[in-house]
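Work through these exercises with the sequence and the model open. Try each task before you read its solution.

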Amino acid sequence: MNYPNVILWSDACFFSPYVMSTFVALSEKGIPFSLKRIDLASNEQLQENYGQISITRRVPTLQIDDFQLSESSAIAEYLEERFPAPEFERLYPKNLEKRARAREIQAWLRSDFLPLREERPTEVLFAGETFAPLSPEAQRSADKLVTAVTQLVPTGQQNLFGEWSIADTDLAIMINRLALHGDNLPPAVAEYAHFQWQRASVQLWLSESSKGQ
């Protein structure tokens with residue numbers, strides 16, 4: 001098969017959960033791609049050269065031949081249409097309502113939980129750092145997350161929809177901000193996130209992240 005030239009633009013240290021989501025999506029699709037780094041610490045993303053690649057000047061950016069696209073959820077949906085099943089693995093459930101729910105979960109994770117993201121940053125996920133106990137506001141955010149997960153993932157079920165989707169990876173990222181920090185979680189919630197963390201595509205990302213430190 002002749003694949004297009006695919007480039008994933010990442011933060012230099014591989015700490016971005018949104019780049020991770022795109023990396024996992026590409027890996028699950030089985031699409032060969034190369035990685036290029038942007039140093040966010042030195043504001044390299046604001047330079048004119050990168051502005052010619054990403055109109056949002058953020059990561060991730062997916063470059064396929066002459067087409068560039070930023071924002072991880074938009075990239076996942078594009079990849080699902082550009083490289084469809086059954087020739088390529090699915091990123092979203094086949095069922096319409098389940099597919100809509102997966103996108104709802106992705107949008108929610110990206111637009112909510114700011115206190116939790118601030119107090120349990122991705123240094124927890126990819127560098128094993130620890131921080132102060134959660135503030136009351138962040139604890140409320142964590143409680144909201146746990147309540148949702150217990151509703152979304154029935155006891156004993158390993159994936160959101162009975163089969164893996166990219167929403168499982170995104171949800172596990174948020175849960176593991178707590179689980180990998182040692183914060184108190186219901187065992188079933190922690191086990192769900194742990195199971196998702198063992199997926200081969202996620203382990204590939206963790207390997208890249210460890211090399212980027």
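**Exercise 1. The core**

Which residues does Trp-197 touch, not counting residues up to four places away in sequence?

Solution. First, the ground rules. This is a predicted model, in which local features need pLDDT of at least 70 and side-chain atom pairs count only at pLDDT 80 or more, while totals for chains, interfaces and linings use all residues. Residues are numbered from 1 along each chain as its sequence is written, and side-chain values use heavy atoms, with hydrogens and water left out.

Step 1. Apply the contact test: heavy atoms within 4.5 Å.

Step 2. List the partners. Trp-197 touches Met-20, Leu-125, Phe-126, Ala-172, Ile-173, Asn-176, Leu-180, Val-202, Gln-203 and Leu-206.

Step 3. A nonpolar core is a set of buried Ala, Val, Leu, Ile, Met, Phe, Trp, Tyr and Cys residues joined through side-chain atoms within 4.5 Å. Buried means under 20% relative accessible area, exposed means over 50%, and partly exposed lies in between (1.4 Å probe, protein chains only). The largest such core has 59 residues, and Trp-197 is among those with the most contacts inside it, along with Leu-79, Leu-145 and Ile-175. Helix 8 (residues 166–179) gives the most to this core: eight residues. Helices (H or I, at least four residues) and strands (E, at least two) are DSSP runs, numbered from the N terminus.

Step 4. In soluble globular proteins, nonpolar side chains tend to be buried together.

**Exercise 2. A residue of helix 8**

Is Leu-178 buried or exposed?

Solution. Step 1. Locate Leu-178: it lies in helix 8.

Step 1. Check accessibility. Leu-178 has a relative accessible area of 1%, so it is buried.

Step 2. Find its partners. Not counting residues up to four places away in sequence, Leu-178 touches Leu-116, Arg-120, Leu-134, Ala-142, Leu-145, Asp-183 and Leu-185. Leu-178 and Arg-120 are 58 residues apart in sequence, yet their C-alpha atoms are 7.0 Å apart in space.

**Exercise 3. A helix pair**

At roughly what angle do the axes of helix 1 and helix 8 cross?

Step 1. Read the geometry. The axes of helix 1 (residues 17–29) and helix 8 cross at roughly 145° and come within 10 Å.

Step 2. Name the residues in contact. Helix 1 supplies Pro-17, Met-20, Ser-21, Val-24 and Ala-25, and helix 8 supplies Ile-166, Thr-169, Asp-170, Ile-173 and Arg-177.

Step 3. Sort them by class. Ala, Val, Leu, Ile, Met, Phe, Trp, Tyr, Cys and Pro count as nonpolar, Asp, Glu, Lys and Arg as charged, and the others, Gly among them, as polar. The contact has six nonpolar, two polar and two charged residues.

**Exercise 4. Backbone checks**

Which residues does a cis peptide bond join, with omega about 0°?

Solution. Step 1. The bond joins Val-59 and Pro-60. Pro-60 is in the loop between helix 2 (48–51) and strand 3 (61–64).

Step 1. Note another cis bond. It joins Ala-85 and Pro-86, with omega about 5°.

Step 2. Look at positive phi. Asp-65 is not a glycine, but its phi is about 55°. Asp-65 is partly exposed, at 39% relative accessible area. Phe-113, also not a glycine, has phi near 70°. Phe-113 counts as buried, at 0% relative accessibility.

Key: Axes fitted to C-alpha atoms, helices over the stretch in contact; angles between N-to-C directions.
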